[in-house]
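Please open the model and follow along.

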Amino acid sequence: MKIKTCAWGLAIAALMAASYAFAPQPRADAQQNKQQGGGQDQKKSQQQKQQPQKPQQKEDEATIKLGTKLVNVLFSVQDKQNRYLNDLKQEDVQILENGQPQDIFTFKRELDLPLTMAILVDVSGSERFTLPQLKDAGGRFVESIVHTGKDTVAVLKFEGEATVMQELTSNPKRVRKALDEIAFVAPPPVSIYGGATPPINGGSRQGTTAIWDAVIATSTDMLAKEPGRKTIILLTDGVDTSSRMKLDEAINEALRSEVVIYSIGIGDPGMDGINEGALKKLSESTGGRPIFPKNSRDLDKAFAQLEQDLRQQYLLAYEPKNEATDGGFRKLEIRVVNKNVKDLKIRHRKGYYAPQG
């Protein structure tokens, strides 16, 4: 507000100076006759033109209220036949924070919001025989959904530690190349740690599976400061064997980074099976969804479902009535009202952390 006021004052001063510079100047004899009176009148006139600026500044400052940070929530709605509701209006939706209704500031259907996505691929032994199909289906998914020059995608592989194969890029060919280069490597002896590309969360044990550590590292180190929709596509069986962090900690870090996690649960049937419970909790808590293909042939269908979800979303924003900056967790709930539809499935993140300080 002060910048705007100062700029207006400078504009007036410049205009006055220009008017005076180009105005006809009085003759010397006339100037002598009015040397005192004219000079005093001119000073009074200039003071009168300048004085009103101060009250205007106070008035402008009083009309502007600096509020807290807006909370943005992406969500999608499906009926019991899994059809998306695409005709919702602002009056059809209610957002609650810790059970208290909030006033919606912005509401719109978001079909083409820029997407920032990290594809996180499990390369542990349990994915050895499904890895070729995962990479191929993932490549087709990227080519289908990514808008060159707008969306960005990164590729990471993980077992005991997560390694960046491709930094965020808007080039689908680079993403496909990174996926093609992912390969299963038999665990080396315990004393050998290698790889030209440094891990982004070093210290985990190589040859094991650290899913939660990989999710946390990707959320905090890669996606947290990125704009737009931030999404992790997690390809794994959900069986974690060596993470230093817990599942709940991975969820909390994803929420702090405003990252939505979609899980495709698939692995070698001859191993430990799929940990559906863990993947459901991870995805649903962050506003995503878990998908469990029955076999590798269903992978394309799984990625098609993800693409639908990502392109069938609404965005709402509100200014929290609770203005405390205590860093506490705030639970979110979205309800659809004014619609005579039952058994709706509403996907959104289950909460957020308030600012600290």
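The notes below cover a residue in a loop and then a sheet with its helix.

This is a predicted model, in which local features need pLDDT of at least 70, side-chain atom pairs count only at pLDDT 80 or more, and totals for chains, interfaces and linings use all residues. Residues are numbered from 1 along each chain as its sequence is written, and side-chain values use heavy atoms, with hydrogens and water left out.

**The loop residue Ile182**

- Ile182 sits in the loop between helix 6 (172-181) and helix 7 (211-223); helices (H or I, at least four residues) and strands (E, at least two) are DSSP runs, numbered from the N terminus.
- Ile182 counts as buried because its relative accessibility is 0% (buried is under 20% relative accessible area, exposed over 50%, partly exposed in between, with a 1.4 Å probe and protein chains only).
- Beyond its neighbours within four places in sequence, Ile182 is in contact (heavy atoms within 4.5 Å) with Val121, Val123, Leu131, Lys135, Val155, Lys157 and Met165.
- Met165 is 17 residues from Ile182 along the chain, and their C-alpha atoms are 7.9 Å apart.

- Four strands form an open sheet in the order 4-11-1-13, with antiparallel pairing (two strands pair if DSSP finds at least two bridges between them).
- Strand 4 (104-110) and strand 13 (345-347) are at the edges with a single partner strand each, so one side of each has no neighbour in the sheet.
- Strand 1 (residues 71-78) and strand 13 run antiparallel, joined by three bridges.
- Gln78 stands opposite Lys345 in strand 13.
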